[in-house]
Amino acid sequence: MSCRFCVNKNLSACEKGDMEVSLYKKIIDEVTGKVHDVNLFHRGEPLLNKNIIPMIAYANKKGVKTRIHTNATLMDREIDRKMIMAGLDLISFSFDGFTKEEYEKNRTGAIFEKSLANIIDFLEVKKDLKSKKPYTIIQVIQDGETLSC
């Protein structure tokens, strides 16, 4: 995707990547009992990491809470269920616009209806599983161009 506000859009391929699971486990082992939670994202979409579910589960097993921030474009009911069952503590959605036009202008390459449906599906899976976790946040961007005062 090529989103207007993305800080990563100009990074080269060699500047992008995922942490090795062995390093992640070493870090979690070292911080267990010393930290409350870990953010499993930084300047990128965490669901691109094929190891995100095992990473959530490992931290959960060690008593370290986990959080992710996603644009919801890669979500489906299977991933939703796996994240919830792995023990994800907080999920925050970037939903970058109140209207289809604004959203698709801000999140180039995403489809408003599909992303919204993915978020609703996630909430339904969470409800079906009778899970209180993860705590769920939806963040919406409204830029000054669309404000009418």
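These questions and answers cover confidence and salt bridges in a predicted model.

Reader: Which helix has the highest mean pLDDT among the elements of the protein chain?
Author: The protein chain has a mean pLDDT of 88. Among its elements, helix α4 (residues 100-106) has the lowest mean, 88. The highest, 98, belongs to helix α3.

Reader: How many salt bridges does a search of the whole structure find?
Author: Lysine 82 and glutamate 78 form a salt bridge. Aspartate 89 and lysine 133 also meet in one. The search of the whole structure gives a total of 11.

Reader: What separates lysine 82 and glutamate 78 along helix α3?
Author: Their closest N and O atoms are 2.8 Å apart. The two residues are 4 residues apart in helix α3, so the separation is about one helical turn.

Reader: Is aspartate 89 buried or exposed?
Author: Buried means under 20% relative accessible area. Aspartate 89 has a relative accessible area of 12%, so the residue is buried.

Reader: Which residues do salt bridges that share partners join into one network?
Author: Aspartate 89 meets lysine 65 in a salt bridge, 4.0 Å from N to O. That pair links the loop between α3 and β3 to strand β2, 24 residues apart. Aspartate 89 also meets lysine 133, at 3.0 Å; here the partners are 44 residues apart, with lysine 133 in the loop between α5 and β4. The network joins Lys65, Asp89 and Lys133.

Reader: What is the relative accessible area of lysine 65?
Author: Lysine 65 lies in strand β2. The residue is partly exposed, with a relative accessible area of 36%.

How values were computed:
Residues numbered from 1 in each chain as written. Predicted model: local features only at pLDDT ≥ 70, side-chain atom pairs only at ≥ 80, totals over all residues. Heavy atoms only, no water. pLDDT = per-residue confidence, 0-100. Salt bridge = Lys/Arg side-chain N within 4 Å of Asp/Glu carboxyl O. Buried < 20%, exposed > 50% of the residue type's maximum accessible area, 1.4 Å probe, protein only.
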